[in-house]
Amino acid sequence: MDKLIVKGRKRLAGEVNISGAKNAVVAIIPAAIMAEGASVVENLPCIEDVSCLCKIIEKIGGTCQYIDRHTLKIDATGPLDTCATFDEVRKMRASYYFLGALLARYKKAEVSLPGGCNFGVRPIDLHLKGFRALGATVIEGDGVVKVYADKLVGTSIYMDQVSVGATINIMLAATMAEGITTIENAAKEPHVVDTANYLNMMGAQIKGAGTDVIRIRGVEKLHGAQYAIIPDQIEAGTYMIAAAITGGDVLVKNIIPKHMDSLTAKLEEMGIQIEEGDDSIRVCANHPLHGVNVKTMSYPGFPTDLHPQIVALLSVCDGISKITENVWENRFQYVEQLCKLGAKIQVDGRVATMEGIEKYHGAKVSATDLRAGAAMVIAALAAEGETEIDGVRYIDRGYEDIEEKLGALGADIHRIHVAD
Ligand code: EPZ
């Protein structure tokens, strides 16, 4: 598995262009198979998850054709196979969106349970509860979920817990149910809104995405659409934090500043200068930073997917900081790796306490999941000496051209290809 080698203490300066949102695209590509026709998806990030999703679509009978590096034509005219139980499906958590998409169009689906990152149990009970509420029979067993229904009938669904995946998956299924479905206590993340906007371009009738009540009037058919993915809120936040930790001055471009509000507020609280443009944010950190406390929450709260990254920064801020992880039961595997770089972090239940250190020292560390890997890169950028990061496969799942983008900002970073 590839490794990244980083020589730290280089100040980042310049401009970085943010790619399309991973967590939007992993829902929108499966949603494309609901249409009897072709869609063209633009502003696609070049990441492993997209390649994996294209393989799944081709294996069930659709076609994926790159028009250019960031534009994909997906033709799901079909008919498609409603059984997706091969390796590619097991490789990624977002495969579960094929359940909602195939159930909507064919009223049946058989999908292997998702894999994904290894922090805590990642159940899909809320997804399945929603499918049942719409009238589907759900059978789980041997790592496969089967769903089928004579017809799907709209209903009111109250989410026991705010869940991005369940909100999107139920929205997919309800799009082609008979009548009206209301999803209450719905997730409000930007990628939920992006998926709803794409479905509406395909002929769906969805209102309220981005609020905690989404109303869907079922339709019989969907047609293909041309759609551009929103910028990646988490990639943008990762680069904002990388700029901050190196005392840099970076313009993060092609973003929606509103999506960054919770991080922007925290960085300003730490003493970092932020300038917001229409589609950019400038991060300027040129004096000692002080620690703050963070609580991860569903959007618009502080995103859990920036948790490891902000802790990498807080660990080299003055004073004591705390982070409370309210979304995932255990997202702290990255702590052991950060401590190898010199961080002083204590974890107690859902709370980690960081005692600010002067600086990291280089070391050999591993990416334990996608965002933990990003945190290792951030810490390595600020470390004295050289850091070797393995497990880069995780990072490639969610970050397009990470070493090229950081290198262009002045980082000393390069990849060593290691045969798997
Ligand atoms: C999405 O995961 C993201 N992944 C995650 O990002 C992100 O951390 C998470 O949302 C929260 O924002 C994708 O969009 C592909 P949830 P998802 O359902 O949908 C519990 C990354 O790094 N829950 O919102 O799987 C669950 O255990 C990844 O990009 C149930 O109990 O997250 C968790 O505690 C990592 N039952 C909480 O809800 C369910 O059926 C929130 O999970 C579903 C979820």
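Domain bounds here come from an automatic or database domain assignment. With those bounds I looked up the shell around the ligand, and it draws at least three residues from each of domain 1 (2-19 + 231-417) and domain 2 (22-228).

I noted that this is a predicted model, in which local features need pLDDT of at least 70, side-chain atom pairs count only at pLDDT 80 or more, and totals for chains, interfaces and linings use all residues. Residues are numbered from 1 along each chain as its sequence is written, and side-chain values use heavy atoms, with hydrogens and water left out.

I then listed the surroundings, taking a residue as near if one of its heavy atoms lies within 4 Å of the molecule. The ligand is surrounded by 25 residues, and R93, S163, G165, D305 and V327 are the closest.

Next I checked polar contacts, which are pairs of N or O atoms within 3.5 Å. A ligand nitrogen is 2.7 Å from an N or O atom in the side chain of D125, while ligand oxygen atoms are 2.6 Å from such an atom in the side chain of D305 and 2.9 Å from one in the side chain of R371. Taken alone the ligand exposes 810 Å², of which the protein buries 93%, with areas from the Shrake-Rupley method and a 1.4 Å probe.

Finally I looked at the backbone, where I recorded a cis peptide bond between G78 and P79, with omega about 5°, and another cis bond from Y299 to P300, with omega near 10°. R9, which is not a glycine, has a positive phi of about 70°. Most residues other than glycine have a negative phi, and most peptide bonds are trans.

Terms used: Polar contact = N/O pair within 3.5 Å; in protein donor to acceptor, adjacent residues only side chain to side chain.
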